[in-house]
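Biologist: I am new to this structure. Please show me how to read its features.

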Amino acid sequence: MNEPALSITNLTKTYASGTVALQGVSLTIPTGDFFALLGPNGAGKTTIIGITTGLVNKTTGEVKIFGDDITTSPEKAKTHIGLVGQEVNFNPFEKPFDIIVNQAGYYGIPRSIAIPRAEKLLKDLGLYEKRDQRAMTLSGGMKRRLMIARALVHEPKFLILDEPTAGVDVELRRSMWEYLKGLTAKGVTILLTTHYLEEAEQLCKHVAIINKGSIVASGTMTEILAMHDDGPRDGAYRAGKLEEVFIKLTQN
Amino acid sequence: MPLKSTWISFYTILRKDVMRIFRIWPQTFLPSIVTSVLYFLVFGTIIGSRLGDFNGVSYIHFIIPGLVLLAVVTNAFTNTASTFFQAKFFSRNIDEILVSPTPPWVIIGGFVAGGMVRGILVGLLVLTVSVFFALPPLMHPFVILLFLILSSMIFALAGLVNGIYAKSFDGITIIPTFVLTPLIYLGGVFYSVASLPDVFKAFTLVNPIFYLVNGFRYGFLGFSDVSLSLSIAVLLALTAVLVAINWYLLRTGLGLKQ
């Protein structure tokens with residue numbers, strides 16, 4: 001049986017401060033999908049990602065990655081995931097090459113395999129010339145690309161991107177889109193959170209909208225766009241339509 | 001995680017830390033050497049020359065094992081505490097390991113091994129420096145090696161607990177200042193416990209440094225305030241407790257995850 005890339009059932013999270021971040025979220029991402037998880041700031045997107053990647057403890061509920069439970073089989077579940085987090089989180093004193101090769105090491109990949117992979121990723125993402133410079137010297141866009149390279153070095157089946165294009169210029173953003181499209185063509189499942197709704201509309205097959213810790217809409221992009229006041233999508237792409245649906249669903 | 005992958009993960013954590021230790025050698029190696037030279041000079045040569053023998057050896061010979069151990073434990077502790085805390089608090093690159101399938105016991109092993117490498121290397125450097133002041137005898141080299149390993153491991157484990165649990169920079173400076181330093185100075189580095197009043201002797205017996213210093217001193221000089229087997233038993237028990245605490249913190253995410 002083909003297990004979904006991500007299966008979340010009745011997930012709740014209450015932080016120690018008392019903040020209720022998730023209120024019974026259920027979500028399924030099919031294998032091979034390009035899935036957008038959208039929501040306003042503080043809606044619970046990053047908490048879902050944190051729990052899915054083992055960086056945040058859940059309160060109740062179940063999270064499975066390709067059938068492996070993140071609580072009972074964390075090591076197995078984590079082998080499937082590559083994470084590009086919202087914040088830049090590598091050691092600024094390290095070199096991009098070392099950051100990528102070390103990441104492969106944490107996944108048990110020997111250096112003899114990790115080094116050529118790192119070199120290819122650095123070339124593919126336009127970072128090869130900077131491979132031996134300290135990461136702190138990279139521009140904002142380069143740091144984002146380094147995080148993508150780091151997340152891909154162990155060749156994950158499921159890539160999670162938490163606002164990967166935040167603060168990235170338009171040209172670079174579009175080149176990142178092309179790169180991500182190439183990954184889905186190779187069978188990698190992608191979960192994307194973004195505030196650029198045009199980005200989600202262009203890239204994603206399925207979408208879920210979360211507001212105040214609850215999923216308020218979920219379905220194919222066509223189904224979500226059909227929730228627009230103009231009625232069902234007529235087939236022609238119209239930028240901004242998703243934004244209007246998003247505002248309608250999250251304004252309360 | 002398969003055994004080979006586990007080994008690679010462990011090696012990656014250790015390799016990264018050892019390269020960092022050597023890259024910033026003026027911060028990791030030099031301070032303990034300078035401090036030890038001052039101890040040897042002031043306590044060993046200047047003050048020690050006015051003191052009588054301790055159990056048949058000169059005062060500087062008596063304090064050399066303790067001063068080597070002082071360097072080992074402080075460096076092993078500081079290394080794991082600061083490395084883990086900085087990765088957790090400042091750059092948040094500890095997430096690189098936490099999102100990976102590396103199990104908690106491998107994370108513990110990697111960080112502790114890094115702390116042990118620094119502690120043992122600095123200890124050997126201090127021992128080398130001590131030769132310029134007094135040539136210490138090496139009565140039981142295997143005992144010296146055993147206590148070098150035990151002391152660096154215990155304090156690297158303790159440093160890791162500190163690094164995982166600390167919530168602010170103060171959290172990793174308070175413990176070395178207010179806990180580690182008193183334990184070291186009251187653990188028999190500069191004196192024999194036999195010379196203490198009974199009430200202070202009782203306090204000393206619950207100080208792990210006391211067992212480390214005495215075991216280490218036995219390896220050099222052939223005498224100790226406490227039996228070797230008791231020292232080893234106490235230190236192995238302490239190791240087991242610290243491993244369990246670290247494993248619990250990493251498994252539950254206490255101090256690490258929200």
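Modeller: Start with contact: two residues are in contact if their C-beta atoms, placed from the backbone, lie within 7 Å. Helices (H or I, at least four residues) and strands (E, at least two) are DSSP runs, numbered from the N terminus. This is a predicted model: local features need pLDDT of at least 70, side-chain atom pairs count only at pLDDT 80 or more, and totals for chains, interfaces and linings use all residues. Residues are numbered from 1 along each chain as its sequence is written, while chains are lettered from A and ligands numbered from 1 in the order in which they are written.

Biologist: Which residues of α6(B) meet α7(B)?

Modeller: From α6(B) come Ile108(B), Phe111(B), Val112(B), Gly115(B), Met116(B), Gly119(B), Ile120(B) and Gly123(B). They meet Leu148(B), Ser152(B), Met153(B), Phe155(B), Ala156(B), Leu157(B), Gly159(B) and Leu160(B) in α7(B). By class, this contact has eleven nonpolar, five polar and no charged residues. Here Ala, Val, Leu, Ile, Met, Phe, Trp, Tyr, Cys and Pro count as nonpolar, Asp, Glu, Lys and Arg as charged, and the others, Gly among them, as polar.

Biologist: At what angle do α6(B) and α7(B) pack?

Modeller: Two packed helices are described by the angle between their axes and the distance between the axes. Axes are lines fitted to C-alpha atoms, for helices over the stretch in contact, and angles run from 0 to 180 degrees between N-to-C directions. Helix α6 (residues 104–130) of chain B packs on α7(B) at about 130°, with the axes 8 Å apart. That makes α6(B) oblique to α7(B). Angles under 35 degrees count as roughly parallel, over 145 as roughly antiparallel, 65 to 115 as roughly perpendicular and the rest as oblique.

Biologist: In what crossing does α6(B) pass α7(B)?

Modeller: A crossing is left-handed if the near helix is turned anticlockwise from the far one by less than a right angle, and right-handed if clockwise. α6(B) passes α7(B) in a right-handed crossing.

Biologist: How do α7(B) and α11(B) pack?

Modeller: Helix α7 (residues 141–165) and helix α11 (residues 228–252) of chain B pack at about 30°, their axes 9 Å apart. They are therefore roughly parallel to each other. α7(B) passes α11(B) in a left-handed crossing. Their contact includes Leu150(B) and Ile154(B) of α7(B), and Leu235(B) and Leu242(B) of α11(B). Its residues divide into 18 nonpolar, two polar and no charged.

Biologist: Now chain A. In what order do the four strands of its open sheet lie?

Modeller: Two strands pair if DSSP finds at least two bridges between them. The order is β2-β1-β4-β5 (chain A), with antiparallel pairing. β2 (20–29) and β5 (68–69) stand at the edges with a single partner strand each, so one side of each is left without a neighbour in the sheet. Five bridges join β1 (residues 6–14) to β4 (residues 60–65) in chain A. Among the partners, Ser7(A) has Lys64(A) in β4(A).

Biologist: What order do the six strands take?

Modeller: That open sheet of chain A runs β6-β7-β8-β3-β9-β10, and its pairing is mixed. β6 and β10 (214–220) are the edge strands, each pairing on one side only. β3 (residues 34–38) and β9 (residues 206–211) of chain A pair in the parallel sense over four bridges. Phe35(A) stands opposite His206(A) in β9(A). Helix α9 (residues 241–250) of chain A lies across β3, β9 and β10, at about 35° to β9(A).
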